[in-house]
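Here are my notes on the model you sent over. Have a look at it first, then read on.

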Amino acid sequence: MDSITSKAVVLSRQYMQLRNLATVAAAKPAVAPRIKKFAVYRWNPDISGDKPHLQTYEVDLNTCGPMVLDALIKIKSEIDPTLTFRRSCREGICGSCAMNIGGCNSLACISKIDTNLEKPVKIHPLPHMYVVKDLVPDMSNFYAQYKSIQPWLQRKDESKMGQKQYLQSVEDRQKLDGLYECILCACCSTSCPSYWWNSDKYLGPAVLMQAYRWMIDSRDEATKDRLDRLRDPFSVFRCHTIMNCTKACPKGLNPGKAIAEIKKLLSGFTKKEEPKLNPIG
Amino acid sequence: MALLRTIIKNGTQAKLLAAAPVKSWQPAVTASTFGMKSIEANRTKPLTNENFEDKNKRLQRPISPHLTVYKFQSNMALSIIHRFTGLAQNGFIYGLALGAMTLPASFPYYLGLLEAAHIPLVVLAVKVLIAFPFSYHLVNGIRHLVWDAGYSLTIKGVESTGYIVLAAAIALALYLTSL
C-alpha cells in the first residue's frame with residue numbers, strides 16, 4: 001500500500017511539473033503598449049503666480065480601465081499625485097466627477113476613453129465656473145440656486161405631516177418620471193451659454209427642472225407660489241432653447257423640455273391638472 | 001392623587017437613573033413634541049456673510065474655459081445664427097433708415113451705381129445676403145414657436161427640425177433672390 005501511494009505521489013508530482021513547463025513555454029507574447037495622451041487642465045492656488053495650463057500625461061490603455069475616471073485615478077496614483085478631482089461612486093449615480101471631456105460635459109466614470117491613439121483627450125473642469133483647484137469647480141452658487149426653489153413638498157395644511165402617506169395615482173406618479181432621476185451633477189447648467197453669461201440671475205436647466213418636478217407633483221399645493229417666485233425676466237426667461245442641456249445630460253434626462261413646460265405654466269398657456277387621487281384620501 | 005403618583009414615579013425614575021452606572025441618552029425632542037419648527041436648526045446658514053462673487057474674487061480664482069473648449073454642435077450653431085440673422089436684419093433696417101435720411105440721392109440711383117460697376121454677380125450676392133437672414137430667421141422662428149408649444153423638444157427632434165429649417169431657409173432665400 002505504501003509503495004503504491006508513494007509511487008502515485010511521485011507520478012502526480014512529475015505530471016504537475018510537466019504541466020507547469022508547458023504553461024511557461026506557451027506564455028503570452030509581450031503586448032505592445034497602447035499609449036494615449038491626456039491633456040488635463042491644471043491650476044494650483046497654492047503656487048503664487050500660477051496660470052491655468054494644460055498638462056499632458058501618457059497612459060498605457062492596456063493597463064488601465066476603460067473609463068476616463070480610471071485613467072485619472074491611474075495618473076494620480078502612478079504619475080502625478082497632485083492631480084485634483086472629485087469622484088465617489090464610479091458608477092454614474094453620485095455626480096461628483098462631472099467635467100468637460102473632449103469638449104462635452106459628462107461624468108468621467110461613465111465616459112469611455114476614445115481609443116484613437118492619434119488624438120489626445122482634453123479634460124477641463126465644468127465650463128465658466130470658478131476653479132478651486134485643477135478639475136474642481138466651486139459649486140456653492142449652484143447649490144444656493146437649488147435651495148432657492150424650495151425643493152420639498154409643501155401643503156396648505158401641514159399639521160398632520162408624517163402621520164399618513166400622501167396618496168398619488170399611478171398616472172400622476174408617471175409625470176415625475178424623467179424629472180426625479182436628476183443627480184444634480186451640473187453638466188447641463190454648465191453647458192448652457194445663457195447660464196455662462198448670467199449664472200448669478202438665471203437659475204439654469206438643472207435647478208429649473210427640479211422646480212418643475214415640484215410644481216407638477218400632484219401632492220404639492222404650493223404651485224402658485226413656486227410660479228410667482230420665478231416671474232421675473234431672468235430666472236426662467238434667459239433660456240433661449242439652445243438645447244445644449246438635453247444633449248449634455250449623462251442620465252439621458254430632458255431639462256430643455258421641462259423649462260418649456262414651466263414657460264407654458266408661467267404664461268397661463270397650460271394649468272396644473274387636479275390630482276387624480278386626493279392626497280389626504 | 002394622580003399628581004402625587006406622577007411625582008413618586010418620577011422620583012423613582014430619578015433614583016434609578018442616578019443608581020445606574022451607564023449614562024442613558026435623553027433625546028432633546030421626544031416623539032410627542034415632533035414638529036418641524038422645534039427642530040429648526042441653523043445648520044443651513046453659511047459661516048460668514050461673504051458673497052459668492054466676492055469670495056471668489058478675493059481668492060483670485062480663474063473661471064474655467066467655456067467658448068474656447070466647448071464642442072461646437074449643430075444646435076448651438078443654428079441658435080447663434082438665429083441671433084446673428086436677427087441682428088443683421090436690424091442692421092439693414094437701421095442702414096436703410098439712416099441712408100434715406102442722410103444720403104442725397106434715392107435708392108434706385110445707388111442701385112444703378114452698383115450695377116454700373118459691372119462686378120460679376122455682385123448684385124446677386126447682395127440679394128442673397130439680404131434674403132438669407134430674412135428667410136432663415138423666419139423659418140427658425142417658426143421652429144421656436146413649435147418648441148414653445150412643447151413639441152419636438154428631444155435630441156432627435158431638434159436635429160431633424162434643424163435640417164428641415166436649414167433646407168427651407170436656403171430654398172426660400174434662393175426663391176426670393178430670383179424674384
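How many residues does helix H2 of chain A have, and how far does H2 reach from its first C-alpha to its last?

1. H2 of chain A (residues 68-79) has twelve residues and reaches 15 Å, close to the 16 Å expected at 1.5 Å a residue; the expected span is 1.5 Å times one less than the number of residues. Bear in mind that this is a predicted model, where local features need pLDDT of at least 70, side-chain atom pairs count only at pLDDT 80 or more, and totals for chains, interfaces and linings use all residues. Residues are numbered from 1 along each chain as its sequence is written, chains are lettered from A and ligands numbered from 1 in the order written, and side-chain values use heavy atoms, without hydrogens and water.

2. Buried residues (under 20% relative accessible area, 1.4 Å probe, protein chains only) in H2(A) are A:Val68, A:Leu69, A:Ala71, A:Leu72, A:Lys74 and A:Ile75.

3. Zooming out, chain A has nine helices and seven strands, taken as DSSP runs (helices H or I, at least four residues; strands E, at least two) numbered from the N terminus. Of its 281 residues, 47% are buried.

4. On overall shape, the C-alpha trace of chain A spans about 95 × 65 × 30 Å along its principal axes.

Notes:
Buried < 20%, exposed > 50% of the residue type's maximum accessible area, 1.4 Å probe, protein only.
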